[in-house]
Amino acid sequence: MRKLPRVLVVEDEPSIAELIAVNLRHNGFSPIVVFDADAAQREVDAVLPDLVLLDWMLPGFSGVQLARQWRAQERSRSMPIIMLTARSEELDKVQGLDAGADDYVTKPFSTQELLARIRAVLRRRTPEAVNDTVQAGGLVLDAAAHRVTFDGRELKVGPTEFRLLHFLMKHPERVHTRAALLDRIWGDHVFIEERTVDVHIKRLREALGPAGAVIETVRGAGYRLSPRALESVSDSRSA
């Protein structure tokens, strides 16, 4: 029997939570509904869900705080999170993505759009069957081992950032627009905004540390991976 994807619904309004749960059940998902951060944490501690629908405005401990907490923990770092909120300003969306959300859905929303976003996030969280190794100076990505190292030191890179780095390293010195990166890394669905690319580029640079200099911003165009930018970094580390 096929195992249904488990979706943890963290929503403090019972009517909204029930509406989401009913639609999830009717579309091949197994929902677990909780109403606050403490209950959500207990569920994650017990069994890691396949995806979390996380309300921003929770009593006591906000959804943004909870997302940051999960992203800081090794066990839940890669857990897919979609933020649900009535906040629709761009700054709010960026804050939610910066906190670790994979996507952002504003209320009120259609259930069909929500289901489409859930499927899209689950699709792009499925690792691609790649087993090559690519290198840019001292930066090495081993796709088979899902490992990134810089000058022999292993770096912790999230799954989306790993795919983004892999693509950029396989196409060095080319400028890639945000739209092109969305198509190649996130897929051809229409819901993710181009601003999402900036958020993940920022996360990737932070994960790479000194090696983050390899990713260059080309104003008005997009992003480029330039191995030459690592030469001075490696020289200074070896000095």
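Student: At about what angle does helix α2 run to β1?

Tutor: This is a predicted model: local features need pLDDT of at least 70, side-chain atom pairs count only at pLDDT 80 or more, and totals for chains, interfaces and linings use all residues. Residues are numbered from 1 along each chain as its sequence is written, and side-chain values use heavy atoms, leaving out hydrogens and water. Helix α2 (residues 37–46) lies across β1 (6–10) and β2; helices (H or I, at least four residues) and strands (E, at least two) are DSSP runs, numbered from the N terminus. With axes as lines fitted to C-alpha atoms, for helices over the stretch in contact (heavy atoms within 4.5 Å), and angles from 0 to 180 degrees between N-to-C directions, the value is about 165°.

Student: What is the strand order of the open sheet?

Tutor: Two strands pair if DSSP finds at least two bridges between them. Pairing in this five-strand sheet is parallel. The edge strands, β2 (30–34) and β5 (103–106), each pair on one side only. The twist averages 20° from one strand to the next. The order is β2-β1-β3-β4-β5.

Student: Which residue of β4 is the bridge partner of Asp55?

Tutor: Strands β3 (residues 51–55) and β4 (residues 81–85) run parallel, joined by four bridges. The partner of Asp55 in β4 is Leu84.
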